[in-house]
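Let's take a friendly tour of a protein model, one piece at a time. Keep the picture open while you read.

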Amino acid sequence: MSGAPVPTTIPVGTDYDVVIGAGVLDRVGDLLGDDVERVLVVHPPTLPELTSRVAAALEAQGYAVHLAEVPDAEAAKTAEVAATLWAQLGRAGFTRTDAVVGVGGGTVTDLAGFVAASWLRGVRVVQVPTTLLGMVDAAVGGKTGINTAEGKNLVGAFHPPAGVLCDVDVLSTLPGADLVAGLAEVVKCGFIADPVILDLVEAAVADDPDRARSAANPHLRELIERAVRVKAEVVAADLRESSLREVLNYGHTFGHAVEQVEQFSWRHGEAVGVGMVYVAELARLTGHLTGPEGDALVARHRSVLESLGLPTTYPAGRWDALLTAMRRDKKSRGSTLRFVVLDGLAEPTRLAGPDVALLQAAYGLVSRHADAPAH
Ligand SMILES: NC(=O)c1ccc[n+]([C@@H]2O[C@H](COP(=O)([O-])OP(=O)(O)OC[C@H]3O[C@@H](n4cnc5c(N)ncnc54)[C@H](O)[C@@H]3O)[C@@H](O)[C@H]2O)c1
Ligand SMILES: O=C(O)C(=O)C[C@@H](O)[C@H](O)[C@H](O)COP(=O)(O)O
Ligand SMILES: [Zn+2]
């Protein structure tokens with residue numbers, strides 16, 4: 001894969017840096033800060049080599065490394081798994097000057113961040129995302145959490161990391177479907193804030209569609225950096241999602257509901273893909289996107305996502321379950337559902353309390369094609 005030799009450092013306000021580079025994995029200890037003795041490295045079973053490299057780099061710098069293997073993917077984000085990590089931290093005597101390192105995709109960094117946020121009411125966490133989605137989104141910004149039986153990320157904390165280390169070389173082993181799922185969050189940043197992202201994705205697809213959906217995408221490094229800059233700017237201004245940060249939730253009200261209804265058999269990025277089409281249709285139905293320009297923007301959602309192989313439709317017949325799940329969205333206020341919608345390209349705004357008939361009509365527009373991909 002391509003990658004400039006010089007790492008890029010993107011500051012998140014004055015709090016911490018996101019370091020993006022090729023072959024930078026061994027620098028993990030540099031992000032830990034002072035006084036750390038013990039480090040809990042949280043990792044999935046799928047990444048033995050990367051985990052060993054991180055552990056060896058930390059040991060070489062004198063840290064006492066404790067490995068914590070957790071179940072792969074969404075199965076990691078449970079209270080039971082968090083409890084096993086708290087027990088391990090307790091047995092090993094982790095103090096407030098010790099730290100957690102998350103090595104893996106967004107599921108691992110969400111879990112590791114939450115355990116760090118809750119242990120002794122907060123210890124340092126350094127995130128080492130190994131998926132595209134983790135690099136551009138999950139590991140950055142300090143939203144940490146786990147799921148409950150009732151829904152996605154319902155328990156968690158805002159706990160910014162001490163640093164984020166993105167080694168783009170590790171993406172070469174990422175399965176294609178996971179790379180594409182990460183591109184969904186990149187595309188999200190294009191629609192809400194940085195349209196150059198959409199231009200770059202479309203250019204890569206026009207040039208070579210297969211390569212565009214892989215770690216060999218010639219614009220991948222720039223796409224990662226642009227998406228991280230979008231996220232960094234937003235979370236630096238509004239860590240706790242009092243207002244602005246909600247824009248990063250574009251497509252997630254419906255997307256999280258799909259994940260829940262499908263019992264996590266859809267990847268997060270896939271669900272967010274169809275969620276963005278849903279909310280684009282909702283914006284048209286509620287008069288936020290109007291005229292030929294509005295129509296073109298909705299069509300652009302479908303075309304860019306489909307060109308990457310992301311789902312833009314969802315089967316009919318699941319409305320009641322979807323609506324129940326959407327009501328648990330964190331943007332809801334009492335019984336009022338709230339959505340992030342676009343007034344135009346890179347012009348996000350909020351839609352509060354739309355008529356349920358319009359919500360269902362938007363579902364009709366994403367479900368009318370009975371050709372949703374099998375999962
Ligand atoms: N906290 C946030 O702000 C935030 C933002 C976006 C998403 N998320 C969360 O992130 C999660 C999704 O993250 P994800 O898409 O990274 O999924 P994931 O963590 O499940 O990883 C996807 C798969 O890739 C494998 N993998 C990881 N790195 C690899 C590598 N380098 N080579 C080969 N295989 C590798 C994993 O083992 C897993 O099977 C969801 O739970 C979502 O809610 C959180
Ligand atoms: O960072 C944010 O803020 C986001 O909303 C980014 C999302 O991509 C991410 O999936 C996040 O975990 C969703 O958070 P939630 O508050 O809706 O659970
Ligand atoms: Zn997301």
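**The big picture**

The protein chain splits into domain 1 (8-173) and domain 2 (176-214 + 217-367), with bounds that come from an automatic or database domain assignment. This is a predicted model, where local features need pLDDT of at least 70 and side-chain atom pairs count only at pLDDT 80 or more, while totals for chains, interfaces and linings use all residues. Residues are numbered from 1 along each chain as its sequence is written, and chains are lettered from A and ligands numbered from 1 in the order in which they are written.

**How the two domains meet**

- The centres of domain 1 and domain 2, taken over C-alpha atoms, are 26 Å apart.
- 26 residues of domain 1 are in contact with 27 residues of domain 2; "in contact" says that the C-beta atoms of two residues, placed from the backbone, lie within 7 Å.
- On the domain 1 side, β1 (8-12), β2 (16-21), α4 and β8 (151-158) each supply at least two of the residues that touch domain 2.

**Around the ligands**

- Ligand 1 has 31 residues around it, and T46, G105, G106, T131 and A138 come nearest. A residue is near a molecule or strand if its C-beta atom, placed from the backbone, lies within 6 Å of it.
- Where does ligand 1 lie? Domain 1 and domain 2 both give residues to its shell, so ligand 1 lies between them.
- Ligand 2 is surrounded by D137, G141, K143, K152, N153, E185, E241, R245, L248, N249, H252 and K330.
- The ligand 2 shell has one nonpolar, four polar and seven charged residues.
- Both domains also give residues to the shell around ligand 2, so ligand 2 lies between them.

**What UniProt says**

- An unreviewed UniProt entry lists residues 182-332 as "domain: 3-dehydroquinate synthase C-terminal". UniProt positions are given in the numbering used here, feature names are shortened, and annotations may be inferred rather than shown by experiment.
- The span 182-332 is 66% helix and 0% strand, and its end C-alpha atoms lie 26 Å apart.
- UniProt (unreviewed entry) also puts a "binding site" at E185, H252 and H268. They span 84 residues in sequence, yet no two of their C-alpha atoms are more than 10.2 Å apart, so they gather at one spot.
- E185 sits in helix α5.

**Helices packed together**

- Two packed helices are described by the angle between their axes and the distance between the axes. Axes are lines fitted to C-alpha atoms, for helices over the stretch in contact, and angles run from 0 to 180 degrees between N-to-C directions.
- Helix α5 (residues 176-192) and helix α6 (residues 196-207) pack at about 130°, with axes 7 Å apart. They are therefore oblique to each other; angles under 35 degrees count as roughly parallel, over 145 as roughly antiparallel, 65 to 115 as roughly perpendicular and the rest as oblique.
- The contact is made by V186, V187, C189 and G190 of α5 and I197, L198 and V201 of α6.
- The axes of α10 and helix α11 (residues 291-307) come within 10 Å and cross at roughly 170°, so α10 and α11 are roughly antiparallel.

Note on methods: Helices (H or I, at least four residues) and strands (E, at least two) are DSSP runs, numbered from the N terminus. Ala, Val, Leu, Ile, Met, Phe, Trp, Tyr, Cys and Pro count as nonpolar, Asp, Glu, Lys and Arg as charged, and the others, Gly among them, as polar.
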